[in-house]
Amino acid sequence: RNLSWSADEVDLQPRPANFADANQHLTSMQADVVLAAFGYNESFAGKEGLTAFRERLTKYLEDIKAKAYNGKTAARVVLVSPVANENVEGVAAADRNNGNIRVYLQVMKEVATKQKVGFVDAYTATEKSMASPGNDLTMNGCHLNEKGYQLFASTVFKQLFGKDAPKLDEKVRAAVIEKNKQHFFRY
């Protein structure tokens, strides 16, 4: 399940009444692995927000590692960095945001190492690909399009498992999308 919503931050995830928080969902799902993708929204605080982000992220990881969502053992945690932004017609997103995203990425790497959790650097791969003219990966400078999600998914897979991702099975993909949609209908 993807439990993230637009504008989520590491310790700010408002939801409608009776929706449940992430810990309740992870317990219900008996999660063994948590991929935690943060840092983008927090990066808008600039360099002044780095100390607070480091503290918030550390506390989040300590809290997650202290819980046994599956009833037996703590979940394995992997931090996933934000993707790069790209300049698109009329929007200089890369120029405005990538400097801050890079410094938040560095904090995430340091915290992941100190907390002994996995880390996926999605920023570097997306920034590199976006440098090629005509290789648009977003619909508006920051939100990935289908091509961007394909690069993101293959990057995450390769960094998690040390090998290239298998060929996409559209039937499995459609089933996952439907299952995720049904999950949210519960609430």
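Q: What does buried mean, and what do exposed and partly exposed mean?
A: Buried means under 20% relative accessible area, exposed means over 50%, and partly exposed lies in between (1.4 Å probe, protein chains only).

Q: What kind of model is this, and which residues count?
A: This is a predicted model: local features need pLDDT of at least 70, side-chain atom pairs need pLDDT 80 or more, and totals for chains, interfaces and linings use all residues. Residues are numbered from 1 along each chain as its sequence is written, and side-chain values use heavy atoms, without hydrogens or water.

Q: Why is valine 107 called buried?
A: Its relative accessible area is 5%. The cut-off is under 20%, so valine 107 counts as buried. Valine 107 sits in helix 4 (helices are DSSP runs of H or I with at least four residues, strands are runs of E with at least two, and both are numbered from the N terminus).

Q: What does valine 107 touch, leaving aside neighbours within four places in sequence?
A: Valine 107 is in contact (heavy atoms within 4.5 Å) with Leu50, Phe53 and Arg54. Leucine 57 is 50 residues from valine 107 along the chain, yet their C-alpha atoms are separated by 9.3 Å.

Q: What makes a set of residues a nonpolar core?
A: The residues must be buried, be Ala, Val, Leu, Ile, Met, Phe, Trp, Tyr or Cys, and be joined through side-chain atoms within 4.5 Å. The largest such core here has 22 residues. Val34, Leu57, Tyr60, Leu61, Ile64 and Leu79 touch the most other members.

Q: Which elements give two or more residues to this core?
A: They are strand 1 (33-37), helix 3 (50-65), strand 2 (76-80) and helix 4 (93-115). Helix 3 gives the most, with six residues. Another core lies apart from this one; Ile101, Leu105, Tyr123 and Met130 are among its six residues.

Q: Which residues does leucine 61 touch, not counting those up to four places away in sequence?
A: Leucine 61 touches Val77, Leu79, Val111, Gln115 and Val117.

Q: How do you know that asparagine 97 is buried?
A: Its relative accessibility is 14%. That is under the 20% limit, so asparagine 97 passes the test. Asparagine 97 is in helix 4. Beyond four places in sequence, it touches Tyr40, Phe44 and Asn85.

Q: Why is the pair of tyrosine 40 and phenylalanine 44 called edge-to-face?
A: Rings of Phe, Tyr and Trp (its six-membered ring) pair if their centres lie within 6.5 Å; planes under 30 degrees apart are stacked, over 60 edge-to-face, and the rest tilted. The ring centres of tyrosine 40 and phenylalanine 44 are 5.1 Å apart and their planes are at 80°, so the pair is edge-to-face. The structure holds five aromatic pairs.

Q: What makes the pair of phenylalanine 157 and phenylalanine 161 tilted?
A: The planes of these rings are at 50°, with centres 4.7 Å apart.

Q: Why is phenylalanine 161 exposed, while phenylalanine 44 is partly exposed?
A: Phenylalanine 161 has 52% relative accessibility. That is over 50%, so phenylalanine 161 is exposed. Phenylalanine 44 has 49%, so it is partly exposed.

Q: How do you know that aspartate 8 and arginine 15 form a salt bridge?
A: The rule asks for a side-chain nitrogen of Lys or Arg within 4 Å of a carboxyl oxygen of Asp or Glu. In this pair the closest N and O atoms are 2.7 Å apart. Aspartate 8 is buried at 9%, whereas arginine 15 is partly exposed at 22%. The count by this rule comes to 10 salt bridges.

Q: What makes aspartate 121 and lysine 109 a salt bridge that links distant parts of the chain?
A: Their closest N and O atoms are 4.0 Å apart. Aspartate 121 is in the loop between strand 5 (118-120) and helix 5 (122-130), lysine 109 is in helix 4, and the two are 12 residues apart. Aspartate 121 is buried, at 12%. Lysine 109 is partly exposed, at 31%.
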